[in-house]
Amino acid sequence: MIKLTINNQDVDLSVEKEMPLLYAIRDELKMTGTKFGCGAGQCGACTVHIDGQAMRSCITPISFAQGKQITTIEGLDENNDHVLQIAWREYKVPQCGYCQSGQIMNAAAMLSNNANPSDDDIDNAMQGNICRCGTYPRIKSAIKKAAQLKQSRES
Amino acid sequence: MSTLNKVNDLQVVNVSRRRFIQGLGLGSGALVLGLSLPGFSALASGQSMKDKAEHALNFFVAIDDNGKTSIVCHRAEMGQGIHTSIPQMIADEMEADWAQVFMVQGKADKRYGAQGTAGSTSIRNQYIQMRQIGASARQMLEQAAANVWNVPLTQVTAQNHEVKNLSNGKTLNFGELAKAASQLTPPEAEKLTLKSPEQFKYIGKEVKLFNMDDIIAGKAIYAQDIQLPDMLIASIARPPVVGGKVESFDASEALKVKGVVEVIQLKERNYPVNVQPLSGVAVLATNTWAAHEGKKKLNIKWQDGENAVHNTKAYQQELIDKVNSKGISVRQKGDVYQHQFDESLTVEATYSVPYINHTPMETPSATAIVTGSGDDTKCTIWAGTQNPQWAQSLVAGELGLPQEKLENVALNLTLMGGAFGRKSKSDFIIEAVELAQKVKRPVKVVWTREDDIQHGFYHSISANYLKAQVTPEKGADFWLQRVTYPPIGWLFNDKQDRPNDNDLSLGFGDLPFELNNLICETQTVTTHIRTGWVRSVACINNGFALGSFVDELAVKANVPTRQMWLNLLGEDRMVDVKAEGFNYSNYGMDYSTHPIDIKRMKSLINLISDKANVEEALPENQGWGISFLRSFGSYVAAATKVEVSNKQVKVLEMHTAIDCGVAVTPDRVRSQMEGAMIFGLSITLMGEITTKDGRVEQSNFHDAPVTRMHQSPPMHVHIVDSQEPPGGVGEPGVPPIIPSITNAIFHASGIRIRHLPVNKTLSV
Ligand code: FES
Ligand code: FES
């Protein structure tokens, strides 16, 4: 039995401890906001937070997450009004949308470490997240907008 | 009881789990259960409207007593925004209030008319029909109001979700009128008046986009997200060589993986390969990970068959050699072959493009349930498909159902996590159906990224050859061009051995230049692998070759590339390439609505050159490149600025200008152009699938890369304000991007890239 805390809820799962967290979240917990894109840590579609850090859930064994705080897109903000989500709506970032949970989760972790990211900071932090539709210019604008929103909320 | 209802019943069983999921923050839209599954709307499922008090005015529009208006989008959403654009066109003519409009995804159903979402057709082919559907609903609501007030139709008018009595100012809202309106006979098409452009409220305007909020909240449902009680997940090992077969395998180790339930060999399939499954061995498990793990343990021996000879290295050289010798003419004017070329004024060049994979972010996936037998077999599917009716009919065939029993196959469309042409093929859907029928349980087939990259329907490997002589006034003449590649038609007819006229209509035989001497030729080839429509199709290679060659001519003539384009295009006129003997398909459109208009071409080339300021003075190692192509009914020009230092390319800035006639959803035209620039960057800089002994050599993003954020420069989109009939948007953005990048590289470094991708020559 593996004990997880996910979006502030405690859950018990009887799965192999090697099972990557992604499949536990999607298939066992039926929370499908976190996506599969490569299964190899190369695309970022499966990004979740583990103790606040952005992690690729497709290559993170569930045993690693045991006892830690996991956050998925569904738990990022209870009203879906995280500053990034607000900015994402304003810039109409998504096209197909499939990569966007991962983009937002990755950007959220970046913003909590870097309140005012430059273009280069954003490129560096986000280059592990692929968007095949090509929403990068809007992601970049939206992240900058979210950083501003966050600063004005905090001040 | 229909299969559909059964599925509904199944879905509410697991109440505790449902509550649990809601506790996790998923809200009431419990994505996995019940009515929230895509396709379960009264309208879209063809169920009776009564119990919902929803009144259908036609097959696309239903209004409930409160005025809530459901509008069907019968086309499929893959990121292009059609879920918004179709309701936008209908709602505008209806005078519906956008805030009260809800989009309902239509299922596969021939009553919707053409449903294929491919070839950038959804708007360009249906701009009038969709508006007529809206106008018809509007007129029925007006008639219903006129009946209530007992006044002639001319005395009432619909406005913003209500109908107004012009003589006394009284109003009735759409909800109050819906029931009465639904009982009227729809007016005849001739009796409908469509709005004039200045009356549009939504067409061409910014509106709130459907799906946006769900996507951002992680609630949007894609094919991979379908979860049904009792469902098994299948991971399939497919023959690495097209046409290969399973010689032997061992299920025992796979069955030891916890969660694996069954191992099933799929049936063998024959040529032509069509869009049928490739066969192989499936591992079915209660979770995705177990299925994938089990697949690794099958120890399969394959019989490769005849296509094991396919090595792209040698094959590409073969194609290059072919286009360097005389071929089969498809269009001819004057006499190129008799001409004595003046070497000092002649440019001769061969270009090649490798296989390219679609690589949608969401790998192919489909879920199926099959019940019953014989003619009573019923099947329910959830899939992201660009071609629901084709899929439905192939599934019926798979189940042995006659075409009159098509409705036994209920095909629900989910959102697609990207498609780019991949999901117009139904192989993954048929796989799910084949397995679901065998195991008598719901089955979801899930492709890994490796599956997606190694078993695709690739953009064809190709070679283009061009030769022409520059001339003082016209830019150039004595134009000889050839192209060949394995044709997509081979899928359906394995005797097809060259691109046909339809294929050659994609940016090749429709060369619009004012030339006295021209010949366009193709060559025969042998096909060894599945090729298919990838965003922009053959316009990828033809656009690359043409855009590069015009730039090379400009260099030879020592004029700006803009000038060379303008010279070659010549006088403002409508070009008729059919009159020159080429059997041109014009993307299925008539010249009368979608002519080849030189004036629009020239103004786009000027627009992009001016907006991007491509003739500015630049540092030594920087350069601008431009290009242009009319395709899928739209006119697109692109400009790219790059820097090349130490054999490293950095893309600094990109512009795209599009004249697509009426832009129904301008923000989505813009986002498609942004996407096209990034898709074009991927093709140009790094897109390549190779084969060795018939097997694809790449497997995941590390060796089949696509553009990442740090490789994507600032981008600008210029949309021409136009009331011309709409052209396509999804596909035509890509072709001019590719040569704009390689031309820029030439102007920055003197290095001419004639063989894609760039990363074979320079770092990117
Ligand atoms: S699915 Fe995890 S990084 Fe791609
Ligand atoms: S929006 Fe489609 S992959 Fe990013």
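Mentor: A residue counts as buried when its relative accessible area is under 20%. Keep in mind that this is a predicted model.

Trainee: Why is A:Cys38 called buried?

Mentor: Its relative accessible area is 3%. The cut-off is under 20%. So A:Cys38 is buried.

Trainee: What makes B:Cys73 buried?

Mentor: The relative accessibility of B:Cys73 is 0%. That is under 20%, so B:Cys73 counts as buried.

Trainee: How do you know that B:Cys73 is in no disulfide?

Mentor: A disulfide needs two cysteine sulfur atoms within 2.5 Å. For B:Cys73 the nearest cysteine sulfur belongs to A:Cys96, and it is 16 Å away. A search of the whole structure finds zero disulfides over all chains.

Trainee: Which residues touch the most other members of the largest nonpolar core?

Mentor: They are A:Ile143, B:Trp479, B:Phe513 and B:Leu553, in a core of 190 residues. Helix α18 of chain B, residues 666-686, gives the largest share, ten residues. B:Cys73 belongs elsewhere: a second, separate core of 45 residues includes it, along with B:Ile86, B:Ala146 and B:Ala158.

Trainee: What is B:Phe513 in contact with, leaving aside neighbours within four places in sequence?

Mentor: Its partners are B:Trp479, B:Leu546, B:Val550, B:Trp565, B:Leu568, B:Leu569 and B:Arg573.

Trainee: Why is strand β25 of chain B described as largely enclosed?

Mentor: Count its residues. The strand covers residues 634-645, and ten of the twelve are buried, so the rest of the structure largely encloses it.

Trainee: What makes β24(B) and β25(B) a pair?

Mentor: Pairing takes at least two bridges. β24(B), residues 622-631, and β25(B) have ten, in the antiparallel sense. B:Arg630 stands opposite B:Tyr635 of β25(B). Two residues lie between the strands of this hairpin, and B:Phe632 in the turn has a positive phi of about 50°.

Trainee: How many bridges join β25(B) to β26(B)?

Mentor: Eleven, and the strands run antiparallel; β26(B) covers residues 648-659. Against the cut-off of at least two bridges, they pair. B:Val636 stands opposite B:Ile658 in β26(B). β25(B) and β26(B) also form a hairpin with two residues between them, where B:Asn646 in the turn has a positive phi of about 50°.

Trainee: What makes α5(B) mostly covered?

Mentor: Of its 23 residues, 17 are buried. B:Asn150 follows the helix and has a positive phi, near 60°.

Trainee: Why is A:Pro94 called buried?

Mentor: A:Pro94 has a relative accessible area of 0%, and the limit is under 20%, so it is buried. It is found in the loop between α3 (83-91) and α4 (100-113) of chain A.

Trainee: What does A:Pro94 touch, not counting residues up to four places away in sequence?

Mentor: In chain A it touches A:Trp88, A:Gln100 and A:Thr135. In chain B it touches B:Met212, B:Ile215, B:Ile216 and B:Arg668.

Trainee: Where does UniProt place the "Aldehyde oxidase/xanthine dehydrogenase a/b hammerhead" domain?

Mentor: The unreviewed UniProt entry lists residues 217-306 of chain B. Over those residues the chain is 17% helix and 27% strand, with end C-alpha atoms 49 Å apart.

Methods:
Residues are numbered from 1 along each chain as its sequence is written. Chains are lettered from A and ligands numbered from 1 in the order in which they are written. This is a predicted model: local features need pLDDT of at least 70, side-chain atom pairs count only at pLDDT 80 or more; totals for chains, interfaces and linings use all residues. Side-chain values use heavy atoms; hydrogens and water are left out. UniProt positions are given in the numbering used here, feature names are shortened, and annotations may be inferred rather than shown by experiment. Helices (H or I, at least four residues) and strands (E, at least two) are DSSP runs, numbered from the N terminus. A nonpolar core is a set of buried Ala, Val, Leu, Ile, Met, Phe, Trp, Tyr and Cys residues joined through side-chain atoms within 4.5 Å. Buried means under 20% relative accessible area, exposed over 50%, partly exposed in between (1.4 Å probe, protein chains only). Contact means heavy atoms within 4.5 Å.
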